[in-house]
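Here is a briefing on one protein chain. Keep the sequence and the model side by side while reading.

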Amino acid sequence: MAVPTASPLFLREAEIRRGVELLYFGYSHLTRSIDEGLAAQGLGRAHHRSLYFIARQPDITVGELIALLAITKQSLGRVLGDLAERGLIETRPGREDRRQRLLRLTPEGARLEAELFDALRDKMAAAYSSAGQGAVGGFWAVLEGLVPEAERKRISDLGK
């Protein structure tokens, strides 16, 4: 499929609306690829986001996960409670501050997260392949431009 090029007037409303719509529908279709697997576990997308980022940063603190996901402590508490109840995550006290709770996937949680990621990877790889290497770099640059400068380091540190 040929990727349409942006108009030289790419900052006009029509082009910006097209970008917003493609971002919305692209993300919607990407996440639909895992909804069935989540539903089979009695879980939703908030659970998946937590599993994903705990997998990317084992021993992330609850506070760090709250900041990363930009959700309330109460919302995350419900999600973490569900995941712990299903045996998908475990918590340990912090090394220096025993009041901290460090989060890690259990083997069952790691298996589920990997299964869900496989579905996402397949969709993203197909889209990347179709768009080509140059388009992938441009896509990343646009998405990074949506993230405030102060938050970019947190993203670049994932998986280190």
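What is the order of the 3 strands in the open sheet? The order is β1-β3-β2, and the pairing is antiparallel. This is a predicted model. The protein holds 7 helices and 3 strands. Along the sequence they follow the pattern α-α-β-α-α-β-β-α-α-α.

**Overall dimensions and burial**

- The C-alpha trace spans about 55 × 35 × 25 Å along its principal axes.
- The protein has 160 residues, and buried ones make up 24% of them.
- Take the contacts with a separation of 6 or more: residues 24 or more positions apart account for 53% of these.

**The sheet**

- Strands of a sheet pair through backbone hydrogen bonds, in either a parallel or an antiparallel way.
- Here the open sheet is antiparallel, and β3 stands between β1 and β2 in the order.
- β1 and β2 (89–93) are the edge strands, each pairing on one side only.
- β1 and β3 (residues 101–105) run antiparallel and are joined by 2 bridges.
- On this side of the sheet, isoleucine 60 stands opposite leucine 103 in β3.
- Threonine 61 has leucine 102 in β3 as its bridge partner.
- β2 and β3 also run antiparallel, with 5 bridges between them.
- In that pairing, glutamate 90 faces arginine 104 of β3.

**α2 against α3**

- How do the axes of α2 and α3 lie, and at what angle do they cross? They come within 11 Å and cross at roughly 120°.
- Angles of 65 to 115 degrees count as roughly perpendicular and those over 145 as roughly antiparallel; α2 and α3 are therefore oblique to each other.
- The crossing of α2 past α3 is right-handed.
- From α2, the contact draws on Arg49, Ser50, Phe53 and Ile54. From α3, it draws on Leu65, Leu68 and Leu69.
- Sorted by class, this contact has 5 nonpolar, 1 polar and 1 charged residues.

**α2 against α4**

- α2 also packs with α4, at an angle of about 75° and with the axes 10 Å apart.
- The range for roughly perpendicular is 65 to 115 degrees, so α2 and α4 are roughly perpendicular to each other.
- On the α2 side, Ala46, His47, Ser50, Leu51 and Ile54 take part. They meet Leu76, Arg78, Val79, Leu80, Asp82 and Leu83 in α4.
- The classes here are 7 nonpolar, 2 polar and 2 charged residues.
- Ser50 and Ile54 are among the α2 residues that meet α3. Ser50 and Ile54 are also among those that meet α4.

- Most residues other than glycine have a negative phi.
- Aspartate 59 is not a glycine, yet its phi is positive, about 70°.
- Aspartate 59 sits in the loop between α2 (45–56) and β1 (60–61).
- Is aspartate 59 buried or exposed? Buried means under 20% relative accessible area, so aspartate 59, at 15%, counts as buried.
- Alanine 70 is not a glycine either, and its phi is positive at about 55°.
- Alanine 70 belongs to the loop between α3 (62–69) and α4 (73–85).
- Exposed means over 50%, so alanine 70, with a relative accessible area of 68%, is exposed.

**Threonine 106**

- Threonine 106 lies in the loop between β3 and α5 (107–131).
- Its relative accessibility is 11%, so threonine 106 counts as buried.
- Which residues does threonine 106 contact, leaving aside its neighbours within four places in sequence? They are Gly87, Leu88, Ile89 and Glu90.

**Aspartate 157**

- Aspartate 157 lies in the segment after α7 (149–156).
- Its relative accessible area is 23%, so aspartate 157 is partly exposed.
- Aspartate 157 and valine 79 are 78 residues apart in sequence. Their C-alpha atoms are 24 Å apart in space.
- Val79 itself is one of the α4 residues that α2 meets.

Conventions. Residues are numbered from 1 along each chain as its sequence is written. This is a predicted model: local features need pLDDT of at least 70, side-chain atom pairs count only at pLDDT 80 or more; totals for chains, interfaces and linings use all residues. Side-chain values use heavy atoms; hydrogens and water are left out. Helices (H or I, at least four residues) and strands (E, at least two) are DSSP runs, numbered from the N terminus. Buried means under 20% relative accessible area, exposed over 50%, partly exposed in between (1.4 Å probe, protein chains only). Two strands pair if DSSP finds at least two bridges between them. Axes are lines fitted to C-alpha atoms, for helices over the stretch in contact, and angles run from 0 to 180 degrees between N-to-C directions. Angles under 35 degrees count as roughly parallel, over 145 as roughly antiparallel, 65 to 115 as roughly perpendicular and the rest as oblique. A crossing is left-handed if the near helix is turned anticlockwise from the far one by less than a right angle, and right-handed if clockwise. Contact means heavy atoms within 4.5 Å. Ala, Val, Leu, Ile, Met, Phe, Trp, Tyr, Cys and Pro count as nonpolar, Asp, Glu, Lys and Arg as charged, and the others, Gly among them, as polar.
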